[in-house]
There are 2 protein chains.
Amino acid sequence: MAQQKSNGHKRLQDESLKAEQSGYIIGADIGGTSLRLALADLSGNILARSSTSTVGIRDAALIVSLISDGVESLLREQALRLDSVRAIAAGAPGITDPAEGVVIATSYLMGWRNVPLRALLEEALGVPAAVDNDVNLAALGESLAGAAKGVDNFVFIAIGTGIGAGIILNGHLFRGNGWSAGEIGYMLVPGTSEQPTERHKPGALEEVAGGEGAKAQWRSRWDQSRTSLSKDAIASEIFDHAADGNPLAQEVLELSARTLAYAIYNIWLVLNCDLFVLGGSVGLHPALRDAAHRILATRRIRVEPRVISSSLGPDAQLMGAIFLAIETAKTRFLVTTP
Amino acid sequence: MAQQKSNGHKRLQDESLKAEQSGYIIGADIGGTSLRLALADLSGNILARSSTSTVGIRDAALIVSLISDGVESLLREQALRLDSVRAIAAGAPGITDPAEGVVIATSYLMGWRNVPLRALLEEALGVPAAVDNDVNLAALGESLAGAAKGVDNFVFIAIGTGIGAGIILNGHLFRGNGWSAGEIGYMLVPGTSEQPTERHKPGALEEVAGGEGAKAQWRSRWDQSRTSLSKDAIASEIFDHAADGNPLAQEVLELSARTLAYAIYNIWLVLNCDLFVLGGSVGLHPALRDAAHRILATRRIRVEPRVISSSLGPDAQLMGAIFLAIETAKTRFLVTTP
């Protein structure tokens, strides 16, 4: 009996392996400004990718139809049929329940509440789907193929328009009781406002240190006689300007870096993890990383954590989605095959 | 063969069970002001206990001899011999490596550095020993027999002279890469100093919110015309005074509670855990708990965490040490029996 079972199991694995080798998956990264898609094989090699603007789009059904159209284009481009796709996984910019496949709440930018994204994707594409928080997927990406490969405990901090963290503990994503572990955009440190945050507004830390925060700090200090840079500059332009030696831009960089360093320090006190990986369009700026590291070094930490840049860069979220899709393809196949 | 193995294993378990039923363990809680000992059976029932002052004692060897003397007294009192003791476990007030049995660093009060406490205890008593951080043991105590029984994710916050946290994630103590997870006495929140902490000095959060912090805040505000309480009052007296309606004491309570609430909020953002258990001589004060809870409620958290008092009270650390000693007795017995 045990022997039979084992043989049956082996056959299943062989078939599974064959199908895996012949199938494909889709990774999707749903952002506030763009939707990025990748078609990959079951080893994670990307065959094709696409990007579409999502600026101004808040409706989940519209996002799903953009994904559906994008997947069709990618498949057409590669002369593949939809039935060769084994699974799709999508990262959503908000608190996500991966067990139920529901996006509980996105940030003030998109305003989603309890969107059954997994079901919507499965209905639209007819393939197994999985969803998770985008920053969690980025942490997974860095953990499996990026700057934190093989590191059991680390924190990925995504700094773009807002700020969020993905936490890997004992080699696994730590999500918290309400799936919102790592929502550090609301963290209170010296220099942040103590006023409770209004709904649909940036968090206390984001007001100072995120992309929006840096822009706001720049606008409030801007003085034509002290800079050649536009009052409407974005964070990366301001940080470039600081690196070029402009004192006004350096003030804004210093403020961003100090609040970020304090947030990292507080997370380190709680988790005592060795490694922080900075990602996101703003977090990838080397001037921010170096300034944060310099400030952190003044805290007299017994064993200082490393603060490094994401090695996957803007692809971290997408790579995480690809890994989740591969996992989904494997799991769902074994479960649903007779 | 498998059958034989199974029988052999059963015999070992039976013998182990018999020895467990007949043996005893010692739990020790090493504090900055007192050493507390308990003699318990292998079900955790306390048969006898003792307490000795440790005020002014900084030498580890002296603490170990106090423990050794205390254990002898407890055994004599119960007409028991040392060879009936299966194990001892001790909680130390500092960063502790339980794997190596070494106290890496205690707070500014005792000043221990790399003390091989487990080896010292085993040498002094001749029984298997285990050591851990006292706040971690308190969290373990609350998890197994206290206010957090059966809760998989929670944070125990001990507020005495200083402030520290024990973190239970997925039902297990989370200790961090350098064994210092939960060292939140250094946390930076609005209202704490941004100056890096000097060695042998309280952390930023402790300067405002711990027992020493509350005393310092009281002294700096004290005005004979506004209070009948002594300038040298301790935190619990100040909080009692606040509960009685004294505005000056209420200022100090409010400041302690606000910084504590901010620290809880920051930990909640990182871990998203449902439950915070407050313990320690200062943390057990209901006025502090209620004020912190009121301030936390203003933060507009989607699903607010519960903030409750430790149910084991001053025994939390000791109960954790008892559980660790029982675990040690079971593990060491199975390992060393032929």
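In this predicted model, leaving aside its neighbours within four places in sequence, B:M110 is in contact with B:I30, B:G31, B:I57, B:R58, B:I63 and B:P93. The residue sits in the loop between β6 (102-106) and β7 (113-115) of chain B. Despite this loop position, B:M110 is buried, with a relative accessible area of 5%; the value falls under the 20% cut-off for burial. A further reference point is B:K215, which lies 105 residues from B:M110 along the chain, with a separation of 20 Å between the two C-alpha atoms.

A:D97 belongs to strand β5 (residues 94-97) of that chain, and its relative accessible area of 12% counts as buried. Once neighbours within four places in sequence are set aside, the contacts of A:D97 are with A:V102, A:I104 and A:W179. A:G178 is 81 residues away from A:D97 in sequence, yet the C-alpha atoms of the pair are 8.0 Å apart in space.

Turning to the helices, α2 of chain A (residues 60-77) contains 18 residues. The distance from its first C-alpha to its last is 26 Å, close to the 26 Å expected at 1.5 Å a residue. Buried along α2(A) are A:A60, A:I63, A:V64, A:L66, A:I67, A:S68, A:G70, A:V71, A:L74 and A:L75. The cover over these buried residues includes strands β1 (24-30), β2 (34-41), β3 (46-53), β4 (85-92) and β7 (113-115), together with helix α3 (117-125), of chain A. Just beyond the end of α2(A), A:A79 adopts a positive phi of about 55 degrees.

Helix α4 of chain A (residues 134-145) is built from twelve residues and spans 16 Å between its first and last C-alpha atoms, again close to expectation, here 16 Å at 1.5 Å a residue. Nine of these twelve residues are buried, so α4(A) is largely enclosed by the rest of the structure. The buried set consists of A:D134, A:V135, A:N136, A:L137, A:A138, A:A139, A:G141, A:E142 and A:S143.

Helix packing within chain B is illustrated by α2 (residues 60-77) and α3 (residues 117-125), whose axes come within 10 Å and cross at roughly 40 degrees. The two helices are therefore oblique to each other, and their crossing is right-handed. On the α2(B) side, the contact is made by B:V64, B:I67, B:S68 and B:V71, while α3(B) contributes B:L117, B:L120, B:L121, B:A124 and B:L125. Sorted by class, the residues of this contact are eight nonpolar and one polar, with no charged residue.

Packing between the chains is seen for α8 (residues 247-271) of chain A and α8 (residues 247-271) of chain B, which meet at an angle of about 80 degrees with their axes 10 Å apart. This angle makes α8(A) roughly perpendicular to α8(B). The contact involves A:N266, A:I267, A:V270 and A:L271 from α8(A), and B:N266, B:I267, B:V270 and B:L271 from α8(B). Six of the residues in the contact of α8(A) with α8(B) are nonpolar and two are polar, and here too none is charged.

Conventions
Residues numbered from 1 in each chain as written. Chains lettered and ligands numbered in written order. Predicted model: local features only at pLDDT ≥ 70, side-chain atom pairs only at ≥ 80, totals over all residues. Heavy atoms only, no water. Axes fitted to C-alpha atoms, helices over the stretch in contact; angles between N-to-C directions. Helix = DSSP H or I, 4+ residues; strand = E, 2+ residues; numbered from the N terminus. Parallel < 35°, antiparallel > 145°, perpendicular 65-115°, else oblique. Left-handed = near helix turned anticlockwise from the far one by under 90°. Contact = heavy atoms within 4.5 Å. Nonpolar A, V, L, I, M, F, W, Y, C, P; charged D, E, K, R; others polar. Expected span 1.5 Å × (residues − 1). Buried < 20%, exposed > 50% of the residue type's maximum accessible area, 1.4 Å probe, protein only.
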